[in-house]
Amino acid sequence: NFFSHISADLKCRYWFHDIQLSLFRLTMKRLFSTSHSSVDSKEMKKFQLLAHKWWDEEGEFSALHSMNDIRVPFIRDTLLNMSSNYHLGNPLSGVKILDVGCGGGLLSEPLGRLGASVTGIDPLEDNIRTADQHKSFDPVLAKRIQYKSSSLEEIVEESMETFDVIVASEVVEHVADLETFIKCCSQVLKPEGSLFITTINKTQLSYVLGIVVAEKITGIVPEGTHEWEKFVPPEELERLLESNGFSVKTVNGMLYNPLSGLWSWMESTSVNYAMHAVKSGAQGQSSPTDTLSEMESEQPSATAGTTV
């Protein structure tokens, strides 16, 4: 009995010590995430005033609506070219996509219509309410898309290596700490997963077209939306990605025509550009797109079409 009491006492001590250690680690993790947040409070205030206007195709986000004409096929076709099987009707069926800075869901919804399982996150609750309300009109999208009012850092612990694809469209020019943002993308992305980014280059031409013309003259986007100092050159973005375990595969220039309201691809990246990068994976490990192909061959097609 004496030794059993000693053993029980030691177990209690070790148990209490483990609890203390766990609490300490949790506290340090929260302190780190708070002090290294990629969310910029000034940027949030800008978009707070526009949260109810996301689905007005003639309003402040009209350029983002028309950008879907090129960014959605870019994501779709890149993923399909990495896959050994094309699933007619729902080409992205089985793919888990994280849409970071999803806003009102302008990109999440067309990706969901292509069959993907989409999680859209945004730190602004008003944006998430708008996105949730809009997807509710389509029962198919309501099942395929879930939205969370959250920053990227806040979902890292619960979503380690969870997603096949991350899209961050028109986001990186608004974050407070770009390197922290890239590191978090790497943490929640599966090995050999894809990261798609669209953003604005930091050039004299991007200042003239992106701020002077778009904001001050034509009013295509609200004045003050962008800060030229926060624009990201593709060379800098590529360096950050490669130093955090990514391999950049594609960099394409993009151009917006304010007269026609249409986007087109171009060779020059001097204004807008789209980038595709792949996270390095363990040698011999199957890629998410290979897994997708296997799932698609076993599952029947869903009912939604490919209209975007």
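Predicted model: local features only at pLDDT ≥ 70, side-chain atom pairs only at ≥ 80, totals over all residues.
The side chain of serine 169 makes a polar contact of 2.7 Å with the side chain of arginine 71. By a polar contact I mean a pair of N or O atoms within 3.5 Å; within protein, one must be able to donate a hydrogen and the other to accept it, and residues adjacent in sequence count only if both atoms are side-chain atoms.

Residues are numbered from 1 along each chain as its sequence is written, and side-chain values use heavy atoms, with hydrogens and water left out.

Serine 169 belongs to strand β4, residues 163–169. Helices (H or I, at least four residues) and strands (E, at least two) are DSSP runs, numbered from the N terminus. Is serine 169 buried or exposed? Serine 169 counts as buried because its relative accessibility is 12%; buried means under 20% relative accessible area, exposed over 50%, and partly exposed in between, with a 1.4 Å probe and protein chains only. Apart from neighbours within four places in sequence, serine 169 is in contact with Met67, Arg71, Leu107 and Thr198, where contact means heavy atoms within 4.5 Å.

Let me now turn to the protein as a whole. The protein has 10 helices and 8 strands, and buried residues make up 47% of its 308 residues. Among contacts between residues at least 6 apart in sequence, 75% join residues at least 24 apart. The protein exposes about 15800 Å², of which carbon and sulfur atoms supply 55%; accessible areas come from the Shrake-Rupley method with a 1.4 Å probe, and for residues only the protein chains shown count as cover.

The next topic is the interior. In soluble globular proteins, nonpolar side chains tend to be buried together. A nonpolar core is a set of buried Ala, Val, Leu, Ile, Met, Phe, Trp, Tyr and Cys residues joined through side-chain atoms within 4.5 Å. Which members of the largest nonpolar core touch the most other members? Of its 35 residues, they are Leu92, Ile97, Leu111 and Val167. At least two residues of this core come from each of α3, α5 (125–135), β3 (145–149), β4 and β6, and α3 supplies the largest share, 8 residues. Leucine 111, setting aside neighbours within four places in sequence, is in contact with Ile75, Leu92, Ile97, Ala116, Val118 and Val167. There is also a second, separate core of 30 residues, which includes Val172, Leu178, Phe181 and Leu240.

Helix α7 comes next. Why is helix α7, residues 178–188, described as largely enclosed by the rest of the structure? The reason is that 8 of its 11 residues are buried. Among them are Leu178, Phe181, Cys184 and Val188. The buried residues of α7 pack against β1 (96–100), β4, β5 (189–200), α9 (234–243), β6 (246–257) and β8 (272–279). At the N-terminal end, α7 is capped by aspartate 177, a side-chain oxygen of which lies 3.3 Å from the backbone nitrogen of glutamate 179.

I move to the loop between α2 (41–48) and α3 (62–82), where glutamate 60 lies. Glutamate 60 is partly exposed, because its relative accessible area is 23%, and a polar contact of 3.1 Å joins its side chain to that of lysine 53. Glycine 219 is 159 residues from glutamate 60 in sequence, yet 8.2 Å from it in space, C-alpha to C-alpha. Phenylalanine 61 is found in the loop between α2 and α3 and is buried, with a relative accessible area of 5%.

Finally, two backbone details. Glutamate 161, in the loop between β3 and β4, has a phi near 50°, a positive value in a residue other than glycine. Glutamate 161 counts as partly exposed, at 43% relative accessibility. Glutamate 192 lies in strand β5; its phi is near 70°, a positive value in a residue other than glycine. At 24% relative accessibility, glutamate 192 counts as partly exposed.
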